[in-house]
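I opened the model today to look up a few contacts and write down what I found. The entries below follow the order in which I went through them.

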Amino acid sequence: MTNYGLVIDQERCIGCQTCAVTCKQENNVPMGQFWNRVLTVGGDHIDTPEGSYPEDGESGDLDMQYQPTACQHCENAPCVKVCPVNATYKRDDGIVEIDYDKCIGCRYCMAACPYNARVFNWDEPQHLPEEGTGDVEERPQGVVEKCTFCSHRVEEGLDPACAVNCPADARIFGDLDDETSTVSKYVNEYNTEQLLDEKGTDPNTYYVQGEMTPGRTWTSDKLESELDEQPTPEEAGDPDSEKSMQGATADPVWGDD
Amino acid sequence: MSGEVTERSATSTARSPVLSSFGVVSKVWLGLLGVLLVAGLGAWAYQLQQGLVVTGMRNVFSWGLYIMLFVMFVGLSAGGLIISSAPKFFHSDRYEGFARLGVLVSLACIIVAGLLILPDIGRPERLYQFFTSPDFRSPMVWDFGIVVLYGVLNVWYLWLLTRRDLAARGSRLAFGAEDTQAGRDRDRKLLFWTAAVALPTAVMLHSVTGWIFATQVGRGDWFSPLVAPVFIAKALVSGLGLLLVVSILADRYTGFDADRDELASLGKMLGIFLAFHVVYLLAAERLPHAWADHFGFWAITSEFLIGDSVYFWLWTGVGGALPLVLLATPQLRKRLSVIFVAGVLAVFGTLFEGVRLVFTGYESVNIDAAPGISLGGEYAGVTTDIWATTGAYTPTVIELVVTAGIVAFGALIVTVGLRFVPLQRRTEQERYAPDGGGGGCD
């Protein structure tokens with residue numbers, strides 16, 4: 001079975017917001033709404049750290065980390081369990097998706113989602129340009145929408161837009177059930193966390209912290225499994241085989257002490 | 001007690017509606033309700049066209065007044081049914097005079113609760129999906145089922161209580177039932193069995209409504225096993241409070257005759273329910289958190305005793321402690337005015353309990369890193385601030401008007417019921433045959 005998941009390497013993430021913007025374009029997300037947000041874990045505003053600046057010969061403790069956040073595609077998805085009409089459902093390939101023709105707009109799923117990943121079309125959605133962007137299903141006023149892991153792309157053998165367009169190669173998409181996939185390897189070999197794991201939702205999205213991974217190492221926009229030639233073990237980040245990839249950039253700029 | 005009843009002929013004990021006609025005052029009242037109803041429909045039509053953007057709800061705070069009042073009216077619907085069915089289940093004639101009015105009020109409240117969901121729904125034309133594509137894991141499906149069942153049960157119960165009297169008056173609402181002694185005796189047995197079904201149904205209704213919230217891991221204090229019992233207690237408090245208020249009003253303005261001793265006794269019961277709900281259950285909910293979160297004795301004590309929001313104090317102070325004191329003071333608690341005020345305050349308190357419950361779920365978010373969550377709605381160009389890291393909510397005029405219209409519809413049901421359903425009418429010292437309980441069973 002296929003079980004799609006996403007690994008986000010927070011040590012690689014540079015906070016450029018490209019994934020958030022490309023998601024909005026690819027999925028024709030209405031103005032005033034975001035499916036994918038790059039949060040700053042640190043100060044009160046984006047791109048600001050917490051802690052104090054090093055002054056008077058003292059060492060400061062400024063700290064900041066970027067946390068790209070979208071639907072976590074949970075295994076035990078509360079939003080799926082609360083949907084009264086089966087409009088939100090978990091696909092066999094692990095993607096949590098919404099049937100926009102079924103959604104009655106009760107917003108119980110928004111109450112259920114601990115990540116605030118879902119948005120509701122409070123009025124007729126506005127798009128710029130008006131004809132919209134991307135090749136996706138239209139969502140009317142009065143329904144809930146959210147990240148689909150770009151299921152329209154995945155079905156064509158392409159990685160989600162956010163993964164392909166990440167300039168830091170910090171987003172790796174793949175099959176968690178395939179032990180040889182890069183996502184599986186990173187989840188096994190690196191220190192990964194699931195957001196709010198104490199809630200028991202068991203997300204299919206994993207965040208790498210501490211040691212930096214080699215990232216998404218192939219340049220095609222295809223799914224790893226669709227590539228004619230699989231990434232080599234080094235490229236796929238097999239930590240036993242090679243440490244050299246990490247080299248100069250292995251130490252995170254901040255965070256790890 | 002039961003012996004003297006069976007000696008009478010069936011028809012001489014037949015009751016009448018407590019309003020024999022709609023007078024000027026009633027017509028003004030009905031007119032007011034009609035205006036509110038039409039205004040509410042208009043506001044809902046406007047909301048359907050513009051979208052829920054005309055409400056105060058947004059992506060962080062995504063449930064508002066409609067759900068707060070849904071919770072309240074589900075609770076309010078408990079009073080009448082429990083006051084009428086609990087004695088019948090135990091073959092008692094107590095509170096007999098309140099049974100019919102109580103069920104009428106319960107029916108109106110559950111209809112209001114059900115209707116309050118409609119304007120909260122983004123695409124109400126798709127509600128048929130509840131039948132064609134239900135997910136039985138969803139507490140909302142459970143609640144939909146139990147609200148409908150409870151409504152149907154109330155209709156059946158009210159009709160069963162009154163059908164012989166309706167027949168005696170030649171009303172078409174008897175639907176072929178005849179006023180015979182045998183029929184009345186049979187109805188007493190049916191009423192016992194209906195009560196036996198109604199009580200667990202009521203318990204389920206309030207528990208399931210609580211579980212809509214209590215099952216959610218993502219919304220702070222909602223995720224608590226205490227929510228369902230608290231909803232039961234809340235229903236007892238607010239339902240009985242409303243029944244007392246409506247009874248005293250009906251006693252004042254219609255032919256309805258509320259027994260003073262029983263009112264005082266029900267008032268005492270309201271005090272006990274309040275003590276259980278606002279003192280005991282709240283303490284049981286707060287103490288473990290206060291103890292675990294703090295170290296010093298006074299820190300624990302103050303965290304335990306001192307509430308966090310104005311809604312908390314409106315609920316526990318104005319709607320809890322105050323009516324409790326009124327009902328516990330021997331010189332006061334038998335006065336009609338005091339019972340009335342205590343009932344109003346108890347209902348007022350549970351309104352803010354529901355408001356507080358929704359606020360505790362939405363005002364803070366689990367992941368509050370900057371810039372936060374996109375709010376959606378009202379996008380007015382690139383300068384729009386679409387982000388929020390906390391939830392804020394104020395109902396809009398549209399929400400208030402829609403809500404007032406639905407509540408007016410409930411009041412309309414009760415008013416029309418007072419006119420056409422034989423609830424009871426004051427006559428010269430005459431006793432009525434009880435509808436169930438002791439009469440047929442000993």
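I began with Leu270(B) and, leaving aside its neighbours within four places in sequence, found it in contact with Val237(B), Leu240(B), Gly241(B), Leu244(B), Leu327(B), Ala342(B), Gly343(B) and Ala346(B), where contact means that the C-beta atoms, placed from the backbone, lie within 7 Å. I note that this is a predicted model, in which local features need pLDDT of at least 70 and side-chain atom pairs count only at pLDDT 80 or more, while totals for chains, interfaces and linings use all residues. Residues are numbered from 1 along each chain as its sequence is written, and chains are lettered from A and ligands numbered from 1 in the order in which they are written.

I then looked up the largest nonpolar core, which has 182 residues, and Leu270(B) is listed with Phe73(B), Val112(B) and Leu244(B) as having the most contacts inside it. Such a core is a set of buried Ala, Val, Leu, Ile, Met, Phe, Trp, Tyr and Cys residues joined through C-beta atoms within 7 Å, and buried means 20 or more other C-beta atoms within 10 Å of a residue's own, exposed 12 or fewer, and partly exposed in between.

Next I turned to the two chains and found 46 residues of chain A in contact with 45 residues of chain B. I sorted the residues on the chain A side into 26 nonpolar, 13 polar and seven charged, counting Ala, Val, Leu, Ile, Met, Phe, Trp, Tyr, Cys and Pro as nonpolar, Asp, Glu, Lys and Arg as charged, and the others, Gly among them, as polar.

Last, I checked Met204(B), which is partly exposed because 18 other C-beta atoms lie within 10 Å. The C-alpha atoms of Met204(B) and Asp143(B) are separated by 9.0 Å, although the two are 61 residues apart along the chain.
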